[in-house]
Amino acid sequence: MLLLCAASLVTVPAICQSADTQEMVRVLVAYHSLSGHTEKMADAVAQGARAVPGTQVILKRVGAVTSDELFSVDAIVLGSPVYWSNMAGEVKQFIDDWQFKFGVFPEFKLKNKVGAAFVTGGQISSGKELTMLSILAAMLGNYMVAVSGGGAFGASATTEGNSPGIDEQELAGARELGGRVAEVSAALKRGIARHESRTGVSGP
């Protein structure tokens, strides 16, 4: 094996790299929560991401996220309660801050980061899908790579009526979303690194 690695250093250095030397994938899970339901889902998303080897998670409320954290991560998973079939004002403010506070445009500083969404709503039909789609739309507008998991558009939970609180199935969906975000982020990061190594051009 030593001879193989020594011989390959000239042409294929990656053969000698172990999993321990691969670059860490960083995932930001940002959320707003008043009742604690969305925070509980955020914790589960973070657990799912951490379960993927080589993943570091930053878990924060939207108002506490810094520009360094926003730009240094490989993925952003954004969670919100559903208010009148829409995201909470604090989450919308955070998205607006991407430009007005952090200045993502015109360089598209979030380009090629993985993006995903999760929500909680009181009723089964309370605008949860609309809210996730509005979050994903903002991410797509920033040239991010949107992914789903735990559901067609992301993970969600119903917290009132016949489904009080958040059950294990909903938490499992949140963990599934976090895991998929971490896996896709790692694959995308490896692909971009190979592209840059092969072409000498930054970005895909």
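Author: A contact means heavy atoms within 4.5 Å. Among contacts in the chain between residues at least 6 apart in sequence, 74% join residues at least 24 apart.

Reader: What kind of model is this, and how are its residues numbered?

Author: This is a predicted model, in which local features need pLDDT of at least 70 and side-chain atom pairs count only at pLDDT 80 or more, while totals for chains, interfaces and linings use all residues. Residues are numbered from 1 along each chain as its sequence is written, and side-chain values use heavy atoms, with hydrogens and water left out.

Reader: How many helices and strands does the chain have?

Author: Helices (H or I, at least four residues) and strands (E, at least two) are DSSP runs, numbered from the N terminus. Here the chain has 6 helices and 7 strands. Their order from the N terminus is α-β-α-β-α-β-β-α-β-α-β-β-α.

Reader: What share of the residues is buried?

Author: A residue is buried at under 20% relative accessible area, exposed at over 50%, and partly exposed in between (1.4 Å probe, protein chains only). Of the 204 residues in the chain, 44% are buried. Accessible areas come from the Shrake-Rupley method with a 1.4 Å probe; for residues, only the protein chains shown count as cover. The chain exposes about 10,700 Å², and carbon and sulfur atoms supply 56% of that area.

Reader: How many salt bridges does the structure hold?

Author: Side chains of opposite charge can pair when their charged atoms come close. A salt bridge is a side-chain nitrogen of Lys or Arg within 4 Å of a carboxyl oxygen of Asp or Glu. The structure holds 6 salt bridges. One of them joins the side chains of K189 and E23, at 3.4 Å from N to O. This pair links distant parts of the chain, 166 residues apart: K189 lies in helix 6 (residues 168–199), and E23 in the loop between helix 1 (2–8) and strand 1 (25–31).

Reader: Is E23 buried or exposed?

Author: E23 counts as exposed because its relative accessibility is 62%.

Reader: Which residue meets R61 in a salt bridge?

Author: The partner of R61 is E39, at 3.6 Å from N to O. R61 belongs to strand 2 (residues 55–61) and E39 to helix 2 (residues 37–50), 22 residues apart. R61 is partly exposed at 36% relative accessible area, and E39 is partly exposed at 28%.
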